[in-house]
Amino acid sequence: MEKLAPILISAHAGSAIVAGHYAGLWTTIHKHPDKKWTISELSEKAGCKERWVREWVGVLASAGVLKLEEGMIISCDRDVAKTLLPTSAVLQLFTELEMCLDKEDKIGACFKKDGPLGVGYSDFPKFQEWMGNWSCCRNKEKNFPERFMKLVEGGVHEALEKGIRVLEAGCGRGQHVMAVAQRYPNSSFVAFDIDEKTLELNRVDAEKLGLNNLEFVVGDFCNMRPEWANHFDYVMMYDCMHDLPHPDKAMEGLKTVLKDDGVVTMLDIYASSDMVKETKNPMSTVLYNISLHHCMSVSLASGGVGLGACWGVELAQKMLIEAGWEEKELRLIQDGHMNAVYVMTKGKGLM
């Protein structure tokens, strides 16, 4: 139990952290940094029932997230409260637990030789919403998109300023492409996804933002539209290659829609394909578990290869070369601890 006790404690603390998010408690605590609260004061300020807040404090004070002193006085480190605000990417990783913990019976069944291939997209009705929130939080923290476009170099930022044709493949809730379309109004954008309901939401959001340079369409990585052949100057993709059933065909497809002088950027998770090496990092627990419950699972459920979130930079580069990219056309940029940015340049690129 010595090894398992901290894991059990963390699991229950994580659940309570998410409950506190929905109750608005972290936002309330953050608005009053360094304040010491009674349970009554915190409950009143957050508009919560005192009995519920008392039990919540019990969970997180026991775990060391909150501090509880004599006289039932509560305090919280200001950095902890800030990190757990709704606008924090870390908070989004906690809320992702919701999509995992209610599917353990289905996931467990997939382990068995006679069980299902995986748990499919239809079992994750909140995924697009969650992914959109995650992308939005991360983009704000990283000053996306201008910082990203300058990071990848190759004239991408300058070309977008002048005006080029851009495709986002697998756009999800459209947070990335809408941010880029806003920042670079001289360029025209097409974004595709397989989920028509999500695209309808995206169109409403784009209209509210007044984005006349952006079109959302239904699309499939393995069946790119014929009229897109050699059509786009820049193709971008964020956080989805490892989820796809057939990533090899998707990689080939990205090259077919690119003009003879163009650039593709593919952002994915920075990890090693060597599992022994990768598991030396405790935070990889989060990545492997998200993959176990979603990334790998949805790919396998669709009859795919199930790459998983930790497919790794070594395998990614190998697959890109097998898809037709030459080594000299391929660059890898590590952006922070979690992000791998693959930059593929065709011909002269955008210089």
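Is Trp52 buried or exposed? Trp52 is exposed, because its relative accessible area is 67%, and exposed means over 50%, buried under 20% and partly exposed in between, with a 1.4 Å probe and protein chains only.

## Basis of the model

This is a predicted model, in which local features need pLDDT of at least 70 and side-chain atom pairs count only at pLDDT 80 or more, while totals for chains, interfaces and linings use all residues. Residues are numbered from 1 along each chain as its sequence is written, and side-chain values use heavy atoms, with hydrogens and water left out.

Trp52 belongs to helix α4, residues 50-62. Helices (H or I, at least four residues) and strands (E, at least two) are DSSP runs, numbered from the N terminus. Between Trp52 and Ile39 there are 9.8 Å from C-alpha to C-alpha, at a sequence separation of 13 residues.

Three strands form an open sheet in the order β1-β3-β2, with antiparallel pairing. The edges are taken by β1 (37-38) and β2 (67-69); each has a single partner strand, so one side of each has no neighbour in the sheet. Strands β1 and β3 (residues 73-75) run antiparallel and are joined by two bridges; two strands pair if DSSP finds at least two bridges between them. Within β3, Ile74 is the bridge partner of Trp37. Trp37 also has Lys35 over its face, 5.0 Å from the ring centre.

## Charges over rings

A charge sits over a ring if NZ of Lys or CZ of Arg is within 6 Å of the ring centre and within 35 degrees of the ring normal. Besides Lys35 over Trp37, the charged end of Lys255 sits over the ring of Trp325, at 4.6 Å from its centre.

## Aromatic pairs

The structure holds nine aromatic pairs. Rings of Phe, Tyr and Trp (its six-membered ring) pair if their centres lie within 6.5 Å; planes under 30 degrees apart count as stacked, over 60 as edge-to-face and the rest as tilted. One of the pairs is Phe148 with Tyr238, which is tilted, with 5.7 Å centre to centre and 55° between the planes. This pair links distant parts of the chain, 90 residues apart: Phe148 is in helix α10 (residues 146-152) and Tyr238 in strand β7 (residues 232-238). Phe148 is buried at a relative accessible area of 3%, and Tyr238 is buried at 5%.

Trp228 and Phe232 make an edge-to-face pair, with 5.9 Å between centres and 75° between the planes. Trp228 has a relative accessible area of 6% and so counts as buried; Phe232 is buried too, at 2%.

Ser284 lies in helix α16, residues 284-301. Ser284 counts as buried because its relative accessibility is 1%. Its side chain makes a polar contact of 2.5 Å with the side chain of Glu278. A polar contact is a pair of N or O atoms within 3.5 Å; within protein, one must be able to donate a hydrogen and the other to accept it, and residues adjacent in sequence count only if both atoms are side-chain atoms.

Three cavities of 30 Å³ or more are found in the whole structure. On a 1 Å grid over the protein atoms alone, a cavity is a set of points where a 1.4 Å probe fits but cannot get out, and lining residues have an atom within 4 Å of a point. The largest cavity holds about 240 Å³ of space, a volume being the space filled by probe spheres set on the points. Its lining has 18 residues, of which Trp130, Met131, His242, Ile269 and Ile290 lie nearest the centre. Helices α9 (127-141) and α16 each supply at least two residues of this lining, and α9 gives the most, with five.

Definitions and conventions:
On a 1 Å grid over the protein atoms alone, a cavity is a set of points where a 1.4 Å probe fits but cannot get out, and a pocket is an open set with protein on both sides within 12 Å along at least five of seven lines; lining residues have an atom within 4 Å of a point.
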